[in-house]
Amino acid sequence: PARYRHQGATLVAMAAVTRRARKVAVVGGGPAGLAACRFLEKFGHHPTVFEISSEVGGIWAPEPANDVVYKGLVTNIPTMCMQSFDLDFPSGLNSYITA
């Protein structure tokens, strides 16, 4: 394979890479797990999300599976900054989410 240098890193060009769709397990349906699932699907894989709770969303789920969310928590970041670029929070939700 050919080798190239770019910003201090060595890049190796693979001439014929066979791409195959894979079944992938994503553990946790929180924000990171859902983002991973989205990009795995985008690149042709078949992810399955395993979530212990009855809902996805991690600490942002209405009823999270653990006690990570502190009672009375108020975020200091507006919802428009925290939502996914293609999946909005429900309409009418306060700008600053409380637990």
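I started with Phe 50 and found this residue in strand β4. A reminder to myself: this is a predicted model.

**Phe 50 and its contacts**

Which residues does Phe 50 touch, leaving out those up to four places away in sequence? I got Ala 25, Val 26, Val 27, Gly 28 and Gly 29.

**Ser 53**

Next I went to Ser 53, which lies in the loop between β4 (46-50) and α2 (79-82). Is Ser 53 buried or exposed? Its relative accessible area is 14%, and buried means under 20%, so I wrote down Ser 53 as buried. The side chain of Ser 53 reaches the backbone nitrogen of Glu 55 at 3.4 Å. Ser 53 also touches Glu 63 and Ala 65, if I skip residues up to four places away in sequence.

**Helix α1 and Phe 39**

Then I looked up α1, which covers residues 31-42 and includes Phe 39. This helix has 12 residues. From first C-alpha to last, α1 reaches 17 Å, close to the 16 Å expected at 1.5 Å a residue. After α1 comes Gly 44, and I noted that its phi is positive, near 90°.

Technical notes: Residues are numbered from 1 along each chain as its sequence is written. This is a predicted model: local features need pLDDT of at least 70, side-chain atom pairs count only at pLDDT 80 or more; totals for chains, interfaces and linings use all residues. Side-chain values use heavy atoms; hydrogens and water are left out. Helices (H or I, at least four residues) and strands (E, at least two) are DSSP runs, numbered from the N terminus. The expected span of a helix is 1.5 Å times one less than its number of residues. Buried means under 20% relative accessible area, exposed over 50%, partly exposed in between (1.4 Å probe, protein chains only). A polar contact is a pair of N or O atoms within 3.5 Å; within protein, one must be able to donate a hydrogen and the other to accept it, and residues adjacent in sequence count only if both atoms are side-chain atoms. Contact means heavy atoms within 4.5 Å.
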